[in-house]
Every structure is written in structure tokens, then in C-alpha cells.
Amino acid sequence: MSIILDISKVDMVFPTPKGDFTALKGVDLQIKKGEFISLIGHSGCGKSTVLNIVACIHKATIGGVLLNNKEVTEPGPERAVVFQNHSLLPWLTAYQNIELAVKRVFKNKMSKAEMKEWIEHNLRLVHMDHAKDKRPDEISGGMKQRIGIARALAMKPEVLLMDEPFGALDALTRAHMQDSLMEIQQKLNNTVIMITHDVDEAVLLSDRIVMMTNGPAATIGEILDVNLPHPRNRLALAEDPEYNRLRSAVLTFLYEKQRKVEHISVPDTDKVKQKSSSVA
Amino acid sequence: MTALINKQKTGITPMNRNKIIMPLLLKKVQTFILPMAGICCFLLLWSLTANSIETSLGKFPGPSAVATQMVNLVNEHNTERDKEKAFYIRQDERNEARMAKDPSYQPKVRMYTGKETFLDQIVTSLITVLSGFLVAAIIAIPLGIAIGLSKNLNRAINPIIQVFKPVSPLAWLPLVTMVVSAVYVSPDPMFAKSFVNSLITVTLCSLWPMVINTSFGVVSMNQDWVNVSKVLSLPKLVHIQKIVLPASVPAIFTGMRMSLGIAWMVLIAAEMLAQNPGLGKFVWDEFQNGSSQSLSRIMTAVIVIGLIGYMLDRTMLQLQRMLSWDKSSAQL
């Protein structure tokens, strides 16, 4: 399959009052069409920065991003983003939130009726058609995130960028959302980059897991291919040796090779931490 | 009052009913009876102290004097209206009579020139304050958005705002009066000069809270919404219309409520000093008049001014509840 997105030797340097801070160093990643990539790493390692560079919310200091062999310089709906905090506009209903995006992207390409149908189609896709006239503060966190995903999908993006989409949700809702996302992915076969903290989520959803080293000057440490057949079932996979091998590979990377050394002043938690890491 | 509550308490015997009704009762006490108790205490204290203050115009007016005055003022208004009606009827009759005698006669129609009553003054004041406030809003909201969006514009304008914000309306008034009488010259003016004076003074003073709050609302806008706009690559104007303006609506309303409160205070002062028609002038005229009724009429005006100010604020709050998406910011 052809390469759709090329993140090419990206460095990111933030100027600070104490001098330059190199957040990313030589991040280089090629993504094929229809691939589902997870970016995993400890917090503060620059995963979000990578995503923001692809979305062009930040501009890379060195290097750049090619979409279909063309450099991207400005944010655009072809690289739709699902933000961590849903970021729905609270003064608009679910339907209107998606409408704002659809009107912008398909202004002269769709008739009014087609737009309505397309918005409702996307709402059905995330199982939220029953709440189309609700405002964000009237629905739960998981429902908000579903609308956020519907909004991004409604832009028909070439690459869908997801910044810890389920990070703010409770464990049960998160599992439910992951299943929904797998179901949608099965239908649409989008190209996706998803940032996550969650090892299970990464293994369950991805075709490749990109593991990042700790900052400063973070970069790609290892890339793990996930060759589990689709559709995947979380219960069946729990017993699967390949699934568990992948899972422990990610865990090993995160907790041994890139063990985050944090200075915690409370001695008790320090001990517990050491114990748990020696077990892992 | 406590006797009443006790009676109700003993009247309900089953325990479970007690549990349901007691909180309801407590709530009623808190929301209705306590404010009433406060008002009663105030009235009592007022009439006691008023009785013991002796001025050159007689005793300081107590609640009963004010209540009598209120009725008086309404009656005066009605008499004045009747007089006006009678005047026009007389005029019409006279004109018709002259027309019947001499068909070539051009009838003269003169306006009634009776004095403005208290109720007329209230209406004048309300019209003036709302016009001044409206003009201020029309200037302040776009300006606030522009300042909020551009850091450089903010740097340029901020010192001016900070200097003019604390200026009292009384300092502006002479300048406004002189400028208006120099610039606003027309043989057939659409608005009276006194109206324009008050309007500009009100505008100048109620401008700043709205500008500051609007720009604050824009600056403190959730960065996620800005990112949404970026990803959609919305054009600048659409960005302002669809994202910036709705996002800052709660802050704009906060500014508008502050401004309207200031506008009302400023207006009364401006009317007093500049002899512009309105409630302020009513107070001043009564003070100059110095009759035995003057103090109670002024006290009535004070209370009416307060009530109208309160009403304006509640109206604004109601408007905010209707129009703002952020219900939590529309609290008292």
C-alpha cells in the first residue's frame, strides 16, 4: 500500500526563558493508507507535539510533514483532530457542532439535503442519533467524545488524528468506545494516528505501535507490528499468546527500557514503585 | 412569625410527612420570610430614626410619609394628564369655532407646555439610560473583541482604557455640555441637547466595563475551540462570528450588567448637575423648592431610583439566562 503520510526527520525546539528546549529530535515515520498507528510513551515525551505538528497547530523547527507527497503548512480538515477534551462548542447542539464542520468542508459539494443526510449518517455511525439536539453539557463524557469523533469523521479526513481520545473517560466507557472505534474502523478503514497511554488500547486497536523515548529530545524508540487478525475481540484476545507477547513488549519498553525516573518526595510511594517495577 | 411556624410544625403528626415537609418549609422560610423580615426590620429602624431627625424642612420622612407621597405623585400625574386633555379639547373647539366663522383661517396648533410629572421623569430617565447604554454597547463589544484578538492592539489601547475608566461622570459633564452646544447645532434638532448631553455622559462611563469584560472573554477563550477553528481553517470573519463571539457571550453579559448599573448611577448625577430632564432633575428641583413636602418626595425618588436600578439588573439577568449558553455564569 502507498504511503499517505510522511513525517520526515522532525525536530521541535521550544524557546524558553532559560534557553532552547528540544522536545523532539529526528522523529521519522511513514504511514500507509488505511493504517492505524498508536503513539505511546510516558507523559511529557512529546506525543502530542508530534500530533500537533501533523495537524499544523505547531510548526516543526526542522523537517516537515508530507501528505500525499505535498508538504502541509496550515491546519486543515483533511487532517481532522479528535481532541482529548472533546472540544465541542458548548453553545451548539451535537448536530450543529457537526454541521459547522460539514458546512465548511462540503460547502459547494453537497446540497443542503445531502449535508443533513451526511450529518445524520455520521451521528448514526457513533450511535448518537438519539441525542442530536442535545447540547454538550446535557450529555455524558463518553457521548461527547462520540460526537467529537463523528465531527472528525464527517470531514472525510485523509488522516484522522486522535489525541488521547478516551483518556478522560472511565474504564468501562473507554472499553465501550474502543469497541465502537474498531467497528467504525472496520467499515471505513481510515488512516489513523492515535495517541494513548493505555497499553491494552494500543494493542487492541493498532496495526503498528510507535513507542517514544522519554524527553527531552524524544524520538521514536521502537515500532511494534501488530499482526492480529481483524475483527478483534477483547475477551478472546485476553487468552491469545500473541496478544500477550505484544502487550508485554510494550510494557517492557515503557517500564524497563524507558523507565520514567520521577522524584517523589513521599518515601512510601517510592518503595511501592520500586517493588512494582521489579515485579514487572 | 415564629408562632406561625410552630403551629404548622405541631399540625403535622406523621414522622415521614414531617421529613418531607420540613425541608420545604425551611426553604420557604429562607427564600421568602427572611427577606421580608429584613425589610420589616429596616422599615422599623427607618421610621424610628426618621422621627428623631429634625431638619429645617421639618422631620425626616419616614415610611408612611413616603407612601403618602407615592400616591400623591401618581395623582399629580393623573391631574396633569387630565389638564393636558382638557387643553387640547379647548384648543380644538376654539379652532373649529374660528374655522366656522372664517373658512380661510389657518388653525394654530400649540403643544401643551405643562410641567413634567414624576412619572414622565421616570420615563425620560429610562429612555436616556437605555439609549446611552445601547450606544456604549455598540462601540464596546466590537472594540473589546478586536482588543481581545490582537495583543498589539491591546498594548496600544490598554493605557487609555486604564486612565479613562476611573473618571467620574461629573468631570466629563462640563466638557460634554460645551462640546455638544458647540458641535450639535441644527435648526430642527432630532434630539434635545439635554438628552444628547446625558446620553454621551452615560456612554462615556458605561463603555469601559463592557470593553474590558468583552476582551477578557475573548482572551480567556478555551484554546481547544481555537484549535477546532484552526483545523476547520475557518476564515477570519467566520471564526469571529461562529467561535469568538459566542464563546465570549457570558463575559459580555457580565460586562453589560456592570455597565448598566454604572449607567443608571451616572445618569442620575448627570441629570442633577446639568438640569437635564429626568429623575435627577426631579430630585434637584425638589431640593431647590424646599417645601415641607420636599424631603419626602426626594426620599420617594431615592427608593424609586433603587427599585428601577434593581429592575434593570434583573431584566439584564433574565436576558442573559435566555441568550447565554453558559447558565452557570447567569447567577445573581
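In strand β2 of chain A, F21(A) is the bridge partner of F14(A). The structure is a predicted model, in which local features need pLDDT of at least 70, side-chain atom pairs count only at pLDDT 80 or more, and totals for chains, interfaces and linings use all residues. Residues are numbered from 1 along each chain as its sequence is written, while chains are lettered from A and ligands numbered from 1 in the order in which they are written.

Strand β1 (residues 3-16) of chain A runs antiparallel to β2(A), and 10 bridges join the two. Strands here are DSSP runs of E with at least two residues, and helices are runs of H or I with at least four, both numbered from the N terminus. Two strands are taken to pair if DSSP finds at least two bridges between them. In chain A, 4 strands make up an open sheet with antiparallel pairing, in the order β2-β1-β4-β5.

The axes of α2 (residues 94-105) and α3 (residues 112-125) of chain A come within 10 Å and cross at roughly 125°. Axes are lines fitted to C-alpha atoms, for helices over the stretch in contact, and angles run from 0 to 180 degrees between N-to-C directions. Helices α2(A) and α3(A) are therefore oblique to each other; angles under 35 degrees count as roughly parallel, over 145 as roughly antiparallel, 65 to 115 as roughly perpendicular and the rest as oblique. From α2(A), A94(A), Y95(A), I98(A), E99(A), V102(A) and K103(A) meet M115(A), W118(A), I119(A), N122(A) and L123(A) of α3(A). The residues of this contact comprise 8 nonpolar, 1 polar and 2 charged. Ala, Val, Leu, Ile, Met, Phe, Trp, Tyr, Cys and Pro count as nonpolar, Asp, Glu, Lys and Arg as charged, and the others, Gly among them, as polar.

Between the chains, 17 residues of chain A are in contact with 12 residues of chain B, contact requiring C-beta atoms, placed from the backbone, to lie within 7 Å. Helix α2(A) supplies 3 residues, the largest share of the side of chain A that touches chain B. That side of chain A divides into 12 nonpolar, 3 polar and 2 charged residues.

In chain B, helices α7 (residues 193-219) and α10 (residues 249-274) pack at an angle of about 155°, their axes 8 Å apart. Helices α7(B) and α10(B) are therefore roughly antiparallel. Their contact has 17 nonpolar, 11 polar and 1 charged residues.

Conventions
Two residues are in contact if their C-beta atoms, placed from the backbone, lie within 7 Å.
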